[in-house]
Amino acid sequence: MMFRRGFILFLPRLVGLLVVACCSMSIVYMLACTPKGDNQQLALPRVHSPTVKEGYEAILQEREEQHRNYIISLKKQIAQLKAELQGRTEQLKNMQNQYPDSLDIQLDHSKPEKVQANLLAFLRSQVDKAEVHSGVKLSTEYAAVPFESFTLQKVYQLETGLTRHPEEKPVRKDKRDELIEVIELAVGSLNKPDGVSKAKPRVYTASDFVEGIYRTEKNKGTLYELTFKGDAKHQFKKIVLFRPFGPVMKVKNENINMADTLINVIVPLAKRASKFRQFMQNFREMGIQQDGRIHLTVVYFGKEQMNEVKSILENTSKSANFKNFTFIQLNEEFSRGKGLDVGARFWKGNNVVLFFCDVDIYFTAEFLNSCRLNTQPGKKVFYPVLFSQYNPSIIYGHHDSIPSLEQQLIIKKETGFWRDFGFGMTCQYRSDFLNIGGFDLDIKGWGGEDVHLYRKYLHSNLMVIRTPVRGLFHLWHEKQCLDELTPEQYKMCMQSKAMNEASHGQLGMLVFKQEIETHLHRQKLSSKKT
């Protein structure tokens, strides 16, 4: 009891001693850890020192000197930056004078001589920037721009275009005119007197042309190298020409409002109710729910499965609250051209965009906008190149199961191909379709009617927009080529059927399947013996 009372009385003293000890240690630590300068650390003068005023004045003077030096340093840095900026500005002006851009050439109409000089300088710079005088370093083997070769009669091409021929007589007038112009220019250059030789010059003609190669760098120009017969055997003349591309020029800047642009999707159909159900799922999601500015016209041939098709259409109408559809029934033999023509002429509203579609087509909402943007009444019609799906059972045959339709719709060389020989899916204004004369109704059955209409547009003054699109797919289905088709139609049908199945590599694996299995069997036997 006495011990506890003494401890209680001693406790305040102990706390006080600890506080004093802590304060002392803090003071010692501060004195020991105070930073010192390089023999120039200033100490504050003591208040009662006789030199306190002089001390403070010295400190202030030194601080002022430090700030003055800092300001002088900043001014020097600013001056250096200004000089560097001035130099960069002069360099930029020199480059602009040497290589004027398209805006200068386009807008400075007040000085035509300067415009002409700038344009000439720009075109010369295109030659310097192109791979003409020397090669350039390339990252991969695919970065090289290949040449194509030509003679007086043929062009041998890697990019086969829509004709798909590796060699051909140039069928496009612009290509023929281009090569003829180049050969004539080269012949004229060879026959131009050099002013040095006194001998009678040889007269070159187009028949002396041996071969030429050319390639186009998209942002620079086209390089031509032409070889002619020389004055003796094993001697040749080579002429190198370059057609520089001019600067990019602004042609049009316009706002386009498609908020009220309706698309009438016209689908001719006979039977195929299950395919129509699949089509309506796509139509509901993309056309009704996502786009909303769409009308559907179904032209049905015959009566078989008609009630099932009408039921699918009516169920979609009720569930999606969709009333913009028309169902037309024709009691006659199926004709795709006749169905599309009847559907187009049946429309009674204002001028509308017509999208000629098939039941085995899958489209996205983005494609519908492309359909609107690439059509213009009296100006443009749209012929998209769709991506055609290969046979899923071949593509995914080694998988446990075939993926869903949405997962299959990817654009890769293993999954499909650009259907550049097909012209059936097209967008145009109804007025243009009627003015061109519509389909040839004498064509029956499958194929031919789309090419006929396409040629009509090509022979008109309308601009035909032909381009691959990422949102339009042809779904694979087994194709039947009927005996009643004409020989030409049957040939087209069989070609389409062959291309629909799989890629060359995949078909090759099927053709050589037995050889591959035999090889694998031998490999297993060899591994067991060892």
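The following exercises, each with a worked solution, concern a predicted model.

Residues are numbered from 1 along each chain as its sequence is written. Local features need pLDDT of at least 70, side-chain atom pairs count only at pLDDT 80 or more, and totals for chains, interfaces and linings use all residues, while side-chain values use heavy atoms, with hydrogens and water left out.

**Exercise 1.** State how helix 6 and helix 7 are oriented and which residues join them.

Solution. Helices are DSSP runs of H or I with at least four residues, and strands are runs of E with at least two, numbered from the N terminus. Axes are lines fitted to C-alpha atoms, for helices over the stretch in contact, and angles run from 0 to 180 degrees between N-to-C directions. Angles under 35 degrees count as roughly parallel, over 145 as roughly antiparallel, 65 to 115 as roughly perpendicular and the rest as oblique. Helix 6 and helix 7 are therefore roughly parallel. Contact means heavy atoms within 4.5 Å. Helix 6 contributes Ala 273, Phe 276, Arg 277, Met 280, Arg 284 and Ile 288, and helix 7 contributes residues including Val 309, Ile 312 and Leu 313.

**Exercise 2.** Repeat the analysis for helix 6 and helix 9.

Solution. Helix 9 covers residues 365–373, and its axis comes within 9 Å of that of helix 6, crossing at roughly 70°. That makes helix 6 roughly perpendicular to helix 9. On the helix 6 side are Met 286, Gly 287, Gln 290 and Asp 291; they meet Ala 365, Leu 368 and Arg 372 of helix 9.

**Exercise 3.** Describe the largest nonpolar core.

Solution. A nonpolar core is a set of buried Ala, Val, Leu, Ile, Met, Phe, Trp, Tyr and Cys residues joined through side-chain atoms within 4.5 Å. Buried means under 20% relative accessible area, exposed over 50%, partly exposed in between (1.4 Å probe, protein chains only). The largest core has 43 residues, and Val 265, Phe 276, Phe 279, Phe 283, Phe 355 and Phe 367 touch the most other members. Helix 6 supplies its largest share, seven residues. Leaving aside neighbours within four places in sequence, Phe 355 contacts, among others, Ile 263, Val 265, Phe 367 and Leu 472.

**Exercise 4.** Is Gln 408 buried or exposed?

Solution. Gln 408 lies in helix 11, residues 405–408. Its relative accessible area is 9%, so Gln 408 is buried. Beyond four places in sequence, Gln 408 touches Gln 389, Pro 392, Tyr 396, Ile 402 and Pro 403.
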